[in-house]
There are 2 protein chains.
Amino acid sequence: MGGDHGPSVVAPGVARAVKDGLAARFLLHGDPAALEAALARLPTIAGRVEIRPAERVIGADEKPAQAMRRGKGSSMWNAVESVKAGEAAACVSAGNTGALMAISKLALRMTSGMERPALVVSWPTPRGHTAVLDVGANISCDARRLVEFAIMGAAFHHAVHGSRRATVGLLNVGSEDEKGHEEVREANRILREMTLELDYVGFVEGDDIPKGSVDVVVTDGFTGNVALKTGEGLARYFRGELRRTFSSGPFAQLGAAIASTALRRMAERLDAPNGGPFLGLNGIVVKSHGGADARGFATAIRLAAGLATSDFVAQIDRNLRAMTAAMPTTNDMAGERTKA
Amino acid sequence: MGGDHGPSVVAPGVARAVKDGLAARFLLHGDPAALEAALARLPTIAGRVEIRPAERVIGADEKPAQAMRRGKGSSMWNAVESVKAGEAAACVSAGNTGALMAISKLALRMTSGMERPALVVSWPTPRGHTAVLDVGANISCDARRLVEFAIMGAAFHHAVHGSRRATVGLLNVGSEDEKGHEEVREANRILREMTLELDYVGFVEGDDIPKGSVDVVVTDGFTGNVALKTGEGLARYFRGELRRTFSSGPFAQLGAAIASTALRRMAERLDAPNGGPFLGLNGIVVKSHGGADARGFATAIRLAAGLATSDFVAQIDRNLRAMTAAMPTTNDMAGERTKA
């Protein structure tokens, strides 16, 4: 029911994903009348879709705390619960992000040691996609949290972008070991010493994200959010400049018309794929952009299906256990350092 | 003598700045033979330039500590000293950044309370330029430091980009007062309460930088460096994609040829202007990109001249004093908060 367009995008999104070859079945949670109306126009997916009536819908402006208190029985709540109950392999929603995160955390719980889910984006690069995390959920991160992001980012890239063993870099202001603040230096030391299912390459800088130097860029949620939004803003600025340039006179307009196919392909390459999972949950929940169209929603569905059919959750769990076994807890670490 | 090209760019850069109407005189510090050779081809500026012989040149890979210990008598050292002695109103160098900052700090000293210079960049936006600072010198910043950046950024934007009273935003992951970590929340509170020569608008997000929502965006050196390098990398990626797009087939090539004038103008708009001052020094020192050409070096010279003929240093000093008078020192602040 969520997002700017509700079932009128979700249902065609399902149809699109099926048409693209996804062999999945779908539970659609929400208002039966609205869902039936949206499905009526899509006979091809009738056999794959089951409507699960829900009493209410969580609004776009409801606070997470409100959603947790009063969300029971809503379409979002039921969708997450269906993952918990093992009825669904993954949940996809275009609804209220804060509410979805709060309900997911409450219903599915975090994997060991994590406090709140991390958010990851797939950044388009000349070499494919670089996963950047955290992009906003965890504002301040100690070294241990950054190592957890490395583990989750590597599992994500492996499951979604097919890297055999993901290369991981830690975002910093320079590449030398003594650069940056205490948290990144400590995380750098731990990642160098620890044996995990990833290839740690050391510190990377901001320009390594669009360059695609590594499969995964790890940073705290404050820096990652600023980098992501700066990048999104710059992409919009760039598209605006292109439009301005190609409407600046008759020659520019003619040039754009002649090169239009190549320009449209470029615009598609520059688009980040829709959908991001909440990482660190005992289950798969993917958030679609609220404004996504059917094509975008289908991308989020395929992402969720890719994660569900992969080793994703198990790989994260396996590596978090290896990390915990190899290092003392965060509280002990300060003591260990003092003693050393 | 500094930068990738030395006098062969610096001397034509001076000529270019003069040709563009800058009524200044120049002291060129360095190897007399090399400087004379470069000037021989530029008779138009002979009357405005004086060569100051220096015994040695600081290398591109010398460490700051090394440059401070052994730099005396070098062209860079003498150039900064000429500002200290009042012989020059400003110093411009394309040489070793770390050495230039260390020597400038040693010779000119910081204004009250500052520990090290802040670095600012002018980010091109649809509305002009947004000054972003700090972009790398101060990795961890408390609230007081962020307020100092707001003061210096506003003075910079006023002097260089002509804003009457600069609008200032504090970079964060959301616009509500409770967002972000302790340092930005505290700086937000101080900036709201204090009367300074700037218009504080509150929190801004990453996409407000390329949007040009405010004249000045304030952040710590870690976040600012990541945002700047991500932006630079993304601009390179866009340029690469454009090249790829316009060579992808005969129609694309023809379109690019027909629209070439408009495309070239766009490329110029996307370029950040060359040259950044070290903020917080008792004097004006501008760092040019090492790889700048004569046009770029002339831009850095004009920037230095603009700062030198403005109220820049006095405005910073005036506002830092107002800030210090209105707030307890950083060490006292924690105590004040506890008592409150």
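Me: Helices (H or I, at least four residues) and strands (E, at least two) are DSSP runs, numbered from the N terminus. What makes residues 221-246 of chain B a helix, and which strands does α9 lie across?

Reply: This is a predicted model, in which local features need pLDDT of at least 70 and side-chain atom pairs 80 or more, while totals for chains, interfaces and linings use all residues. Residues are numbered from 1 along each chain as written, and chains are lettered from A and ligands numbered from 1 in written order. Residues 221-246 of chain B form helix α9, so they are a DSSP run of H or I with at least four residues. Helix α9 lies across β4 (118-125), β5 and β6 (167-171) of chain B, at about 140 degrees to β5(B); the angle is between N-to-C directions of axes fitted to C-alpha atoms (for helices over the stretch in contact), on a scale from 0 to 180 degrees.

Me: How do you know that β5 and β8 of chain B pair?

Reply: Three bridges join β5 (residues 128-133) to β8 (residues 216-218) of chain B, and pairing takes at least two DSSP bridges, so they pair. They run parallel, and B:Leu133 has B:Val218 as its bridge partner in β8(B).

Me: In what order do the strands of the open sheet in chain B come, and what makes β3 and β7 edge strands?

Reply: The order of the eight strands is β3-β10-β9-β4-β5-β8-β6-β7, with mixed pairing. Strands β3 (91-93) and β7 (199-204) of chain B each pair on one side only. From one strand to the next, the twist averages 30 degrees.

Me: Which residues have the most contacts inside the largest nonpolar core?

Reply: A:Val132, A:Leu133 and A:Ala150 are among them, in a core of 193 residues. Beyond four places in sequence, A:Leu133 is in contact with residues including A:Phe149 and A:Val218; contact puts backbone-placed C-beta atoms within 7 Å.

Me: Why is the relation of chain A to chain B that of a two-fold axis?

Reply: A rotation of 180 degrees with 0.0 Å of shift superposes chain A on chain B (RMSD 0.0 Å), fitted by least squares on C-alpha atoms with pLDDT of at least 70 in both. That is the two-fold relation. In chain A, the C-alpha nearest the axis belongs to A:Gly255, 1.8 Å away.

How values were computed: A nonpolar core is a set of buried Ala, Val, Leu, Ile, Met, Phe, Trp, Tyr and Cys residues joined through C-beta atoms within 7 Å. A residue is buried if 20 or more other C-beta atoms lie within 10 Å of its own, exposed if 12 or fewer, and partly exposed in between; C-beta atoms are placed from the backbone. Two residues are in contact if their C-beta atoms, placed from the backbone, lie within 7 Å.
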